[in-house]
Amino acid sequence: MAHPGVRVYYVVFAVLLVLLALTVAVAHMDLGRWGFPIALAIASVKAVLIMLYFMHVRYASPLTQLFACAGFVWLAIMLGLSASDYLSRDWATFGF
């Protein structure tokens, strides 16, 4: 598959700048419990855009795409385990 032209990189860069502005705006809002999940979702979209276009994973072989997806799966597992540990701490020490 052919690599994209310069226009695609400028469009992705502009989208990344918009997402950066959105991240800053969300950081200044009081969203309560939703602040972290929203910031994490925006960061995930930015990471996927960078990986697909600037790291050329979109135009790479299927094996490279598989390993890139496996990295995101591993990240999700690690974040899930960290979140479950963090969320269970209040419940374990609540009765003491």
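**Exercise 1. At what angle do helix H1 and helix H2 pack, and how far apart are their axes?**

The model is predicted: local features need pLDDT of at least 70, side-chain atom pairs count only at pLDDT 80 or more, and totals for chains, interfaces and linings use all residues. Residues are numbered from 1 along each chain as its sequence is written, and side-chain values use heavy atoms, without hydrogens and water.

*Step 1.* Identify the helices, which are DSSP runs of H or I with at least four residues, numbered from the N terminus. H1 covers residues 6-28 and H2 covers residues 35-54.

*Step 2.* Two packed helices are described by the angle between their axes and the distance between the axes. An axis is a line fitted to C-alpha atoms over the stretch in contact, and the angle, from 0 to 180 degrees, is taken between N-to-C directions. For H1 and H2 the angle is about 165°, and the axes are 10 Å apart.

*Step 3.* H1 is therefore roughly antiparallel to H2, a term for angles over 145 degrees.

**Exercise 2. Determine which residues of H1 and H2 meet, and classify them.**

*Step 1.* Apply the contact criterion, heavy atoms within 4.5 Å. On the H1 side the residues include Val12, Leu16, Leu19 and Val26; on the H2 side they include Ile42, Lys46, Leu49 and Tyr53.

*Step 2.* Sort the contact residues by class: 17 are nonpolar, 2 polar and 1 charged. Here Ala, Val, Leu, Ile, Met, Phe, Trp, Tyr, Cys and Pro count as nonpolar, Asp, Glu, Lys and Arg as charged, and the others, Gly among them, as polar.

*Step 3.* Find the buried residues, those under 20% relative accessible area with a 1.4 Å probe, protein chains only (exposed is over 50%, partly exposed in between). In H1 these are Val12, Leu16, Leu19 and Val26, and they pack against H2. In H2, Gly35, Ile42, Lys46, Leu49, Met51 and Tyr53 are buried.

**Exercise 3. Describe His56 and Ala60 in the loop between H2 and H3.**

*Step 1.* His56 lies in this loop, just after H2. Its phi is near 60°, a positive value in a residue other than glycine.

*Step 2.* His56 counts as partly exposed because its relative accessibility is 30%. Ala60 counts as partly exposed at 27%.

*Step 3.* Ala60 and His3 are 57 residues apart in sequence, and their C-alpha atoms are 9.6 Å apart in space.

Technical notes. Helix = DSSP H or I, 4+ residues; strand = E, 2+ residues; numbered from the N terminus. Parallel < 35°, antiparallel > 145°, perpendicular 65-115°, else oblique.
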